[in-house]
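Have the sequence and the 3D view ready as you read.

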Amino acid sequence: LGTADGLLINFMVIAKDHMDEVKEEFAALNKAPLQKWIESEISGDYKKTLVKLCESKPRFLSVGVWYWAQRCVDALDDVGTLKTLLATVPVTALRRAGDKFEKFYKVSMADAIKRKCSEGRGFSFFTDYWKETMLRLIELPVAVRAVALHDAMDGFGTDERSLTALLCTIPENQHGDV
């Protein structure tokens with residue numbers, strides 16, 4: 001019945017720091033690369049963001065939180081930079097940068113991203129999957145997993161495959177939090 005966009009967003013965000021392993025396993029199971037599948041199923045900035053996630057290599061940062069807060073400000077002027085930043089910087093660094101961003105600019109990073117993702121969209125933009133993806137990328141993994149679990153169980157029936165995959169891959173240190 002089409003792409004389960006909410007689950008796709010959650011799985012991609014959860015897999016962000018292990019994307020090489022996910023791409024390898026996806027190709028083995030589906031006989032096609034994840035990036036090609038994404039390119040054939042979705043479109044627009046939503047597709048570009050998920051493709052950027054497929055291409056991302058995790059960064060382990062040693063630079064200051066203020067630097068990343070400033071990079072977030074710079075990224076809000078350029079959508080391509082914003083996609084790259086959110087797809088490649090670890091969420092914990094983004095969260096710390098978001099705290100500094102909010103203190104200095106008096107607006108939350110989430111609100112600034114929402115505004116940027118809504119620019120020029122008008123009535124011709126039918127879905128908010130791109131905005132949902134961008135906002136999910138700044139959430140802590142525990143929150144993303146909780147939403148993914150809800151999405152797997154919501155609706156006409158439980159998506160057993162997604163539910164099983166989520167439950168079996170929750171890191172031990174997150175069991176209680178999720």
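## The largest pocket

Sort the lining of the largest pocket by class and you get 15 nonpolar, seven polar and eight charged residues. Keep in mind that this is a predicted model. The pocket holds about 1300 Å³ of space.

Which residues lie nearest the centre of the largest pocket? Out of a lining of 30 residues, they are Phe-11, Val-22, Phe-26, Ser-162 and Ala-165. The largest share comes from α1, with eight residues.

## The second largest pocket

Next up is the second largest pocket, with a volume of about 210 Å³. It's lined by 14 residues, and closest to its centre you'll find Val-13, Ile-14, Asp-17, Val-91 and Pro-141.

Two helices to look for in this lining are α1 and α10, each supplying at least two residues. Here the largest share belongs to α10, with three residues. By class, the lining of the second largest pocket splits into eight nonpolar, two polar and four charged residues.

## The cysteines

How many disulfides does the structure hold? The count is zero. As a reminder, a disulfide is a covalent bond between the sulfur atoms of two cysteines.

Cys-117 has a relative accessible area of 2%, so it counts as buried. Cys-168 is exposed, because its relative accessibility is 63%.

Note on methods: Residues numbered from 1 in each chain as written. Predicted model: local features only at pLDDT ≥ 70, side-chain atom pairs only at ≥ 80, totals over all residues. Heavy atoms only, no water. Disulfide = S-S within 2.5 Å. Buried < 20%, exposed > 50% of the residue type's maximum accessible area, 1.4 Å probe, protein only. 1 Å grid on protein atoms, 1.4 Å probe; cavity = no way out; pocket = protein on both sides within 12 Å on 5 of 7 lines; lining within 4 Å. Points joined across faces, edges and corners; volume = space filled by probe spheres on them. Helix = DSSP H or I, 4+ residues; strand = E, 2+ residues; numbered from the N terminus. Nonpolar A, V, L, I, M, F, W, Y, C, P; charged D, E, K, R; others polar.
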